[in-house]
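Open your viewer and get ready to select residues by number. This tour moves from stop to stop and tells you what is there.

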Amino acid sequence: MTEQKVAVVTGASGGIGAATARRLAAEGFEVVLTARRTERIEELAEETGGRAYTLDVTDRAAVDAFAARVGRVDVLVNNAGGAIGAESVETGDPADWLAMYQVNVLGVLHMTQALLPALRASGDGTVLVLSSTAALAAYEGGGGYVAAKHAAHTIAATLRLELCGEPIRVIEIAPGMVKSEGFAVTRFRGDEAKAAAVYAGVAEPLTSEDVADTVAWAVTRPPHVNIDLLVVRPRAQAANHKVHREL
């Protein structure tokens with residue numbers, strides 16, 4: 001009997017992370033859910049038959065302790081991240097930039113470094129980085145988030161070069177406009193009206209489930225197939241700055 005493969009998903013308490021956990025469980029993976037919100041991941045673990053670990057990916061000691069306990073790992077989905085604020089570079093708060101860098105960049109670094117031994121030992125490991133189209137093109141009011149996601153993109157690209165020849169794939173998925181749970185509300189510091197305006201007139205922005213479907217497709221390709229970079233946007237969005245709105 002083939003041993004069940006294990007997928008670790010960070011930021012799994014809601015949005016894209018939770019949808020990805022459900023989708024990978026449906027694909028037959030044992031899903032290990034990590035996030036800071038214990039109750040939500042425990043409920044999802046019960047639903048999916050997975051395991052829940054309360055974890056802050058910016059805390060390296062906690063990440064190392066998690067890695068020592070988790071056991072087998074075949075897939076790591078670096079999903080934890082987020083944006084804070086929409087101020088210009090001139091007026092942005094360095095504390096916000098630091099917070100975004102810690103979760104979007106150092107969180108990916110911590111989890112990847114800590115789990116590479118287990119991924120290597122699996123004989124067919126996959127590191128997946130959920131970046132953003134912000135990783136590929138700048139836009140006004142997004143300086144801190146853009147900088148952080150560019151860094152996450154660079155981690156994926158560099159790691160792929162460094163691991164060439166080893167049995168580990170490095171995949172990057174860069175979603176565009178996704179109407180996911182809490183993302184825009186967090187960015188606009190709880191202002192529901194500003195968050196809603198992001199999607200105003202857009203008939204069908206991507207959903208968390210759309211992105212999760214893309215993740216599942218990428219990690220279930222045959223072992224010799226690596227999806228280096230996959231950009232996924234809704235049809236209404238041709239670029240970060242070009243969105244069709246039906247107003």
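**Stop 1: helix 1 and helix 2**

Select helix 1 (residues 15-26) and helix 2 (residues 38-48): their axes come within 10 Å and cross at roughly 20°. That angle makes helix 1 roughly parallel to helix 2. The crossing of the two is right-handed. Now show side chains. A18, A21, R22 and A25 of helix 1 make the contact with L44, E47 and T48 of helix 2. By class, the residues of this contact are four nonpolar, one polar and two charged.

Some ground rules before moving on. This is a predicted model, in which local features need pLDDT of at least 70 and side-chain atom pairs count only at pLDDT 80 or more, while totals for chains, interfaces and linings use all residues. Residues are numbered from 1 along each chain as its sequence is written, and side-chain values use heavy atoms, leaving out hydrogens and water.

Now the terms:
- Helices (H or I, at least four residues) and strands (E, at least two) are DSSP runs, numbered from the N terminus.
- Axes are lines fitted to C-alpha atoms, for helices over the stretch in contact; angles between N-to-C directions run from 0 to 180 degrees.
- Under 35 degrees is roughly parallel, over 145 roughly antiparallel, 65 to 115 roughly perpendicular, and the rest oblique.
- A crossing is right-handed if the near helix is turned clockwise from the far one by less than a right angle, and left-handed if anticlockwise.
- Contact means heavy atoms within 4.5 Å.
- Ala, Val, Leu, Ile, Met, Phe, Trp, Tyr, Cys and Pro count as nonpolar; Asp, Glu, Lys and Arg as charged; the others, Gly among them, as polar.

**Stop 2: helix 1 and helix 8**

On helix 1, look at G15, I16, A19, T20, R23 and L24; on helix 8, the contact includes V211, A212, V215 and V219. The contact has eight nonpolar, three polar and three charged residues.

**Stop 3: helix 3 and helix 4**

Select helix 3 (residues 60-70) and helix 4 (residues 94-121). Their axes come within 9 Å and cross at roughly 30°, so the two helices are roughly parallel to each other. Helix 3 passes helix 4 in a right-handed crossing. R60, V63, D64, F66, A67 and V70 in helix 3 meet H110, M111, Q113, A114 and L115 in helix 4. Seven of these residues are nonpolar, two polar and two charged.

**Stop 4: the nonpolar cores**

A nonpolar core is a set of buried Ala, Val, Leu, Ile, Met, Phe, Trp, Tyr and Cys residues joined through side-chain atoms within 4.5 Å. Buried means under 20% relative accessible area, exposed over 50%, and partly exposed in between (1.4 Å probe, protein chains only). Select L24 and I173: these have the most contacts inside the largest nonpolar core, which has 31 residues. Apart from that core lies another of 27 residues, among them V57, F66, A152 and L163.

**Stop 5**

Is N78 buried or exposed? N78, in strand 4 (residues 75-78), counts as buried, at 3% relative accessibility. Its contacts include T10, G107 and M111.

Finish at Y139, in the loop between strand 5 (125-130) and helix 5 (143-162). At 27% relative accessibility, Y139 counts as partly exposed. Not counting residues up to four places away in sequence, Y139 touches A134, Y145, V146, R187 and N240.
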